[in-house]
Amino acid sequence: MANDRNYTLEMEVPYYFVNFTGDIRLSALVDMMLLTSEKQLHQSNVDSTEMVKDNGLGWVVVQYHMDIDKMPRLGQKLKITTQATSYNKYFFYRDFWVDDEKDNRMVTAQSSFVLIDIKERKMVSVSDRLDDKFGAEETSKLRRFKRLRVPEEYDFKQPQHIGYYNIDVNKHVNNSYYFDWMVDTLDLDYIAHHQIKSIDIKYEKELNMQSDPLSYVKVDNTNNKSIHWIKNGDVLNVIAEFEWENK
């Protein structure tokens, strides 16, 4: 379903999208949102598959901010909507929202994307390469996301294995896998008794098959927050802050 600016995809949450509590996994939630944007992009042949095949270019997400009022659950019927809001020379901004079948808002998200030349691994101009901007408005302003800093100490770290199934058409680790790796650093009991309220995440440097990432976490129980970051050697790849609330 689409209009000039919005595209909506209706889905039911399958069992393989949820964790042991019945809540949808963060990675699956992000995958559903990205699928919705891909469906809209496909209307003008600028989705990931077409961009790689025809132009050697790939869409790469840079940042998300997400607010979660209620986490979708197993078997729930959802309406996932995306809207291209604005763009400048290098950044393309997109909003997402997830409603239940009664149109109650569950999740809202803001995001920024860039286009990269897959062979050169460099950004290219969004404004020059896209004929259809999907109703997004040109702007000279940069959307401001929360600034995240790596803590001086961590509570736990663990190595992550990168397999062929982690690599997407852009030849790097798909960004949704980072969410699984981050949540895996938390205690099972913590996951069982807490729900994510908001997320801020920034992707700094891509990972590939040759990378040996380590996932770190620092939990701030006083403020119900956890800071997560992943590094490959001394290089920071991604950093995120999760805000939690008790179930």
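Residues are numbered from 1 along each chain as its sequence is written, and side-chain values use heavy atoms, with hydrogens and water left out. Because the model is predicted, local features need pLDDT of at least 70 and side-chain atom pairs count only at pLDDT 80 or more, while totals for chains, interfaces and linings use all residues.

Helices (H or I, at least four residues) and strands (E, at least two) are DSSP runs, and they are numbered from the N terminus. Strand 4 is mostly covered, since 9 of its 9 residues are buried, where buried means under 20% relative accessible area, exposed means over 50%, and partly exposed lies in between (1.4 Å probe, protein chains only). Both faces of the strand are covered: Phe92, Arg94, Phe96, Val98 and Asp100 are buried on one side, and Tyr93, Asp95, Trp97 and Asp99 are buried on the other. Phe92, which belongs to strand 4, counts as buried because its relative accessibility is 1%. Phe92 and Trp59 are 33 residues apart in sequence, and their C-alpha atoms are 9.7 Å apart in space.

Strand 4 has pairing partners, and two strands are said to pair if DSSP finds at least two bridges between them. Strand 3 (residues 77-87) runs antiparallel to strand 4 and is joined to it by 9 bridges, with Leu78 standing opposite Asp100. These two strands form a hairpin with 4 residues between them. Strand 4 is also joined to strand 5 by 8 bridges, again in the antiparallel sense, and here the bridge partner of Val98 is Val107 in strand 5. The hairpin of strand 4 and strand 5 has 4 residues between the strands, and Asp103 takes a positive phi near 70°.

Rolling a probe the size of a water molecule over the atoms shows where empty space is left. On a 1 Å grid over the protein atoms alone, a pocket is an open set of points where a 1.4 Å probe fits, with protein on both sides within 12 Å along at least five of seven lines, and lining residues have an atom within 4 Å of a point. The largest pocket holds about 820 Å³ of space, where grid points are joined across faces, edges and corners and the volume is the space filled by probe spheres set on the points. Of the 33 residues that line this pocket, Trp59, Val60, Val61, Asn170 and His172 are the closest to its centre. By class, the lining has 17 nonpolar, 7 polar and 9 charged residues; Ala, Val, Leu, Ile, Met, Phe, Trp, Tyr, Cys and Pro count as nonpolar, Asp, Glu, Lys and Arg as charged, and the others, Gly among them, as polar.

The aromatic rings come next. A pair of aromatic rings is described by the distance of the centres and the angle of the planes. Rings of Phe, Tyr and Trp (its six-membered ring) pair if their centres lie within 6.5 Å, and planes under 30 degrees apart count as stacked, over 60 as edge-to-face and the rest as tilted. The structure holds 13 aromatic pairs. The rings of Tyr15 and Tyr16 have centres 5.4 Å apart and planes at 80°, so this pair is edge-to-face; Tyr15 is exposed, with a relative accessible area of 64%, and Tyr16 is exposed at 52%. Tyr64 and Tyr203 form another edge-to-face pair, 6.5 Å centre to centre with 75° between the planes. This pair links distant parts of the chain, since Tyr64 in strand 2 and Tyr203 in strand 9 (residues 194-203) are 139 residues apart. Tyr64 counts as buried at 1% relative accessibility, and Tyr203 is buried at 11%. Tyr64, Tyr178, Trp181 and Tyr203 form one aromatic cluster.

Finally, the unreviewed UniProt entry carries the annotation "domain: Acyl-ACP thioesterase-like C-terminal" for residues 157-245. The end C-alpha atoms of this span lie 23 Å apart, and the span is 16% helix and 45% strand.

Conventions: UniProt positions renumbered as here; feature names shortened; annotations may be inferred.
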